[in-house]
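Please keep the sequence and the structure in view while reading.

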Amino acid sequence: MKCANCGAELRVGCVYCSVCGREAQIVSDYNLLEDDFLREVLQEKEEKKKKQEDSNKNEGKITFSEQQFSDKKEEKMNSSEKKKSSVKKKTKKKKKSVIWAFIALILLIVLIVGIILLVNYSNDHSYEYQMKEAKEYLRDQEYLKAEKCLKRALELENNSLDARLHLVEIYLSRTDINGAVNLLQEVIRLDNNNQQAYQQLIQVYAEQKNYEAIKKLSEDVTNRDILQLFDKYLVEPPVFHSSESFIQEELIIKISGEIGCTIYYTMDGSDPKQGKEYKDPILIEPGREVKIRAICCNSLGIYSDEIAENFLKELEKPDPPKVTPDGGNFYAPQSISIYVPEGCSVYYTWDGSAPTQDSKQYTEPIYMPEGNNILSLILVDKYGMVSDVLKCNYIYIPQG
């Protein structure tokens with residue numbers, strides 16, 4: 001007979017299979033005709049089993065315990081194998097999960113880095129962003145960072161006035177005067193009506209007392225509003241006014257300038273800045289040519305443009321001398337008087353010849369000679385100019 005569970009051969013009289021430990025369920029190796037015989041054998045065995053239960057109780061327990069142990073062992077082995085299989089599956093699954101998580105992390109990092117690089121590239125190539133950052137740095141007085149942003153902004157927009165004016169603020173804060181001046185000059189070249197650039201540049205020049213630079217800066221300015229910025233630093237040149245003195249026969253030169261300014265002048269051709277301060281009119285003698293150079297200086301020490309002009313009072317013949325009496329018929333002794341202006345001399349002759357400076361000089365009244373005589377006279381002024389000859393006819397006949 002064979003065990004219905006595992007198919008092992010059963011020994012005659014065994015209730016349990018010695019291989020699998022299950023209760024014996026006899027499977028016939030023969031045909032169905034043997035079923036009755038088998039049932040009888042089984043019944044007989046069952047009765048023997050009951051009879052021998054008491055005697056074989058302990059043996060049955062041991063056999064059952066062994067079977068239980070075997071079953072448990074098998075279950076444990078099966079459970080262990082299942083656990084190992086499950087652990088292997090879990091380990092494989094965990095490894096796959098870790099790999100996918102790592103790949104996802106790498107992809108996320110690549111994405112984040114890509115976004116950061118894209119944002120940085122965009123910001124680095126954005127004029128508006130650079131200017132915004134620069135203004136924030138300036139507000140926080142982080143001048144080095146602000147300067148870097150402003151220079152980058154200029155690389156992006158080379159004609160930016162705003163970037164240059166903010167750089168001027170940085171350069172002035174660290175007393176980089178040359179850098180500030182160069183930037184302000186660039187702004188003015190790009191926009192010659194930029195009032196802020198003119199105002200800052202004038203202030204820089206004024207602090208350096210470089211008034212010549214301020215004057216030069218104003219030369220090309222046509223905007224009236226901007227020209228007003230120079231009012232304090234520009235001085236109008238003086239003006240010459242000439243007239244003749246009819247009393248002294250000299251040329252009178254007057255110089256006028258702005259109120260509050262001092263006028264300096266020279267008459268020898270030298271620089272008027274080192275000349276004499278003008279206070280009274282200048283007198284130029286006849287026959288003398290004089291070049292007058294003059295300049296104005298305001299309270300800040302700023303000089304105007306210089307003016308220069310040549311002045312000449314041409315020499316003229318003086319009038320003939322005035323004689324009293326100047327001729328006539330006389331019958332009594334008479335003296336002749338001559339008016340001689342200051343600085344002048346009178347020369348005369350009685351023989352009808354034209355007098356010269358070698359002739360007799362008049363120093364006191366002349367007594368009129370008898371007869372018909374002609375007095376010839378000339379006047380020589382202080383400049384050596386000789387008048388025309390004056391001739392006076394005197395007929396003096398004494399009465400006897």
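The crossing of α3 and α5 is left-handed, a crossing being left-handed if the near helix is turned anticlockwise from the far one by less than a right angle, and right-handed if clockwise. Helices (H or I, at least four residues) and strands (E, at least two) are DSSP runs, numbered from the N terminus, and on this basis the protein has 9 helices and 17 strands. The model is a predicted one, in which local features need pLDDT of at least 70 and side-chain atom pairs count only at pLDDT 80 or more, while totals for chains, interfaces and linings use all residues. Residues are numbered from 1 along each chain as its sequence is written, and side-chain values use heavy atoms, with hydrogens and water left out.

**Helix packing**

- α3 and α5 pack with their axes 11 Å apart and at an angle of about 25 degrees, where axes are lines fitted to C-alpha atoms, for helices over the stretch in contact, and angles run from 0 to 180 degrees between N-to-C directions.
- That angle makes α3 roughly parallel to α5, given that angles under 35 degrees count as roughly parallel, over 145 as roughly antiparallel, 65 to 115 as roughly perpendicular and the rest as oblique.
- On the α3 side Tyr-127, Met-131, Lys-135 and Leu-138 meet Asp-162, Ala-163, His-166, Glu-169 and Ile-170 of α5, contact meaning heavy atoms within 4.5 Å.
- By class, the contact of α3 with α5 has 5 nonpolar, 1 polar and 3 charged residues; Ala, Val, Leu, Ile, Met, Phe, Trp, Tyr, Cys and Pro count as nonpolar, Asp, Glu, Lys and Arg as charged, and the others, Gly among them, as polar.
- Helix α5 (residues 161-173) also packs with helix α7 (residues 195-207), their axes coming within 11 Å and crossing at roughly 20 degrees, which makes α5 roughly parallel to α7.
- The crossing of α5 and α7 is left-handed, and its contact is made by Leu-165, Val-168 and Leu-172 of α5 together with Gln-196, Ala-197, Gln-200 and Val-204 of α7.
- The residues of the contact of α5 with α7 divide into 5 nonpolar, 2 polar and no charged.

**Confidence**

- The mean pLDDT of the protein is 84, with 83% of its residues at 70 or more, pLDDT being the predictor's confidence in each residue, from 0 to 100.
- Confidence is lowest in strand β2 (residues 26-27), at a mean of 50, and highest in strand β13 (residues 345-349), at 97.
- Over residues 27-34 pLDDT stays under 50, and for this stretch the model has 9 contacts beyond four places in sequence.
- Where pLDDT is low, the predicted coordinates should not be read in detail.

- Of the 400 residues of the protein, 30% count as buried, where buried means under 20% relative accessible area, exposed over 50% and partly exposed in between (1.4 Å probe, protein chains only).
- Helix α8 (residues 211-218) has 6 of its 8 residues buried, so it is largely enclosed by the rest of the structure.
- The buried residues of α8 are Tyr-211, Ala-213, Ile-214, Lys-215, Leu-217 and Ser-218, and they pack against α6 (177-190), α7 and α9 (224-227).
- Among contacts in the protein with a separation of 6 or more, 51% are accounted for by residues 24 or more positions apart.

**Backbone geometry**

- Most residues other than glycine have a negative phi, and most peptide bonds are trans.
- Gln-141, in the loop between α3 (127-139) and α4 (143-156), has a positive phi near 60 degrees and is exposed, with a relative accessible area of 58%.
- Thr-175, in the loop between α5 and α6, has a positive phi near 55 degrees and counts as exposed at 61% relative accessibility.
- The peptide bond from Thr-324 to Pro-325 is cis, with omega near -15 degrees, and Pro-325 is found in the loop between β10 (322-324) and β11 (328-330).

- Asp-268 lies in the loop between β5 (262-266) and β6 (276-277), and Asp-271 lies in the loop between β5 and β6.
- Asp-268 is exposed, with a relative accessible area of 63%, whereas Asp-271 is partly exposed at 31%.
- C-alpha to C-alpha, Asp-268 and Arg-293 are 8.5 Å apart in space and 25 residues apart in sequence, while Asp-271 and Arg-293 are 7.4 Å apart in space and 22 residues apart in sequence.
- Not counting residues up to four places away in sequence, Asp-271 touches Thr-266 and Arg-293.
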